[in-house]
Amino acid sequence: MRTAVYPGSFDPFTIGHLDVMKRACETFDLVYVALLNNSAKRPFFSKDERVGFIDAAMAKENVTNYKISSFDGLLVDFVKQVGAGFIVRGLRAVTDFEYEFQINAMNRKLAPDIDTVYFMAEPENLFLSSSIVKEVASYGGSIRGLVPDINEKTIAERLLQR
Ligand code: ADP
């Protein structure tokens with residue numbers, strides 16, 4: 001059984017994240033979405049809200065071979081704990097590459113038996129990030145097509161109150 005962990009803040013889950021998840025779920029038997037509870041990044045949406053967004057979007061796609069957990073320690077420890085062999089990440093611009101090279105070098109040093117698999121962002125998602133979604137929606141701009149349709153209204157309403 002090939003198991004992977006897709007870590008991130010998912011604050012909130014965008015169609016870029018959804019694209020990577022769908023491709024990862026086709027590639028692996030089981031994918032753990034690992035919600036980062038990093039003290040350096042304080043998420044706007046609660047853990048339960050973020051889980052709800054992911055579940056709603058995945059149900060719409062009829063993809064079921066995934067689980068969601070949160071973690072706040074070292075990623076490689078979480079990967080070992082769930083018995084996975086791979087980490088999944090998405091790559092957008094050059095800035096993502098630089099960061100991912102660094103993280104990957106450290107993860108390889110900490111856990112040489114865990115490898116990272118990268119999915120290139122679709123061209124239309126290259127400039128899409130959770131931060132952009134939060135910025136636009138908090139000023140009342142439309143986020144249609146940036147987040148899964150099923151979550152659009154809830155995300156927009158929550159962010160307008162920001
Ligand atoms: P992090 O704080 O770890 O970057 P994010 O939730 O922002 O968490 O992103 C999680 C993962 O999804 C990262 O690997 C990121 O590069 C990837 N990702 C984010 N947005 C997109 C997108 N539009 N297309 C493809 N991958 C993306």
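Modeller: A residue is taken to be near a molecule if one of its heavy atoms lies within 4 Å of it. This is a predicted model, in which local features need pLDDT of at least 70, side-chain atom pairs count only at pLDDT 80 or more, and totals for chains, interfaces and linings use all residues. Residues are numbered from 1 along each chain as its sequence is written, and side-chain values use heavy atoms, with hydrogens and water left out.

Colleague: How many residues surround the ligand?

Modeller: The closest residues are Tyr-6, Phe-10, Lys-41, Gly-90 and Asn-125. By class, the shell divides into six nonpolar, six polar and four charged residues (Ala, Val, Leu, Ile, Met, Phe, Trp, Tyr, Cys and Pro count as nonpolar, Asp, Glu, Lys and Arg as charged, and the others, Gly among them, as polar). The number of residues surrounding the ligand is 16.

Colleague: What percentage of the accessible area of the ligand does the protein cover?

Modeller: An oxygen atom of the ligand is 3.0 Å from an N or O atom in the side chain of Ser-9, and a polar side-chain atom of Arg-89 lies 3.1 Å from a ligand oxygen atom. Of the 550 Å² of accessible area that the ligand has on its own (Shrake-Rupley method, 1.4 Å probe), the protein covers 92%.

Colleague: Which residue has a positive phi although it is not a glycine?

Modeller: The residue lies in the loop between β1 and α1 (helices, H or I, of at least four residues and strands, E, of at least two are DSSP runs, numbered from the N terminus). With a phi of about 50 degrees, the residue is Phe-10.

Colleague: Which residue is joined to Asp-11 by a cis peptide bond?

Modeller: The omega of this bond is about 0 degrees.

Colleague: Are α2 and α6 roughly parallel or roughly antiparallel?

Modeller: Helix α2 (residues 47–60) packs against α6 at an angle of about 160 degrees, the axes being 9 Å apart. Axes are lines fitted to C-alpha atoms, for helices over the stretch in contact, and angles run from 0 to 180 degrees between N-to-C directions. Angles under 35 degrees count as roughly parallel, over 145 as roughly antiparallel, 65 to 115 as roughly perpendicular and the rest as oblique. The arrangement of α2 and α6 is therefore roughly antiparallel.

Terms used: A polar contact is a pair of N or O atoms within 3.5 Å; within protein, one must be able to donate a hydrogen and the other to accept it, and residues adjacent in sequence count only if both atoms are side-chain atoms.
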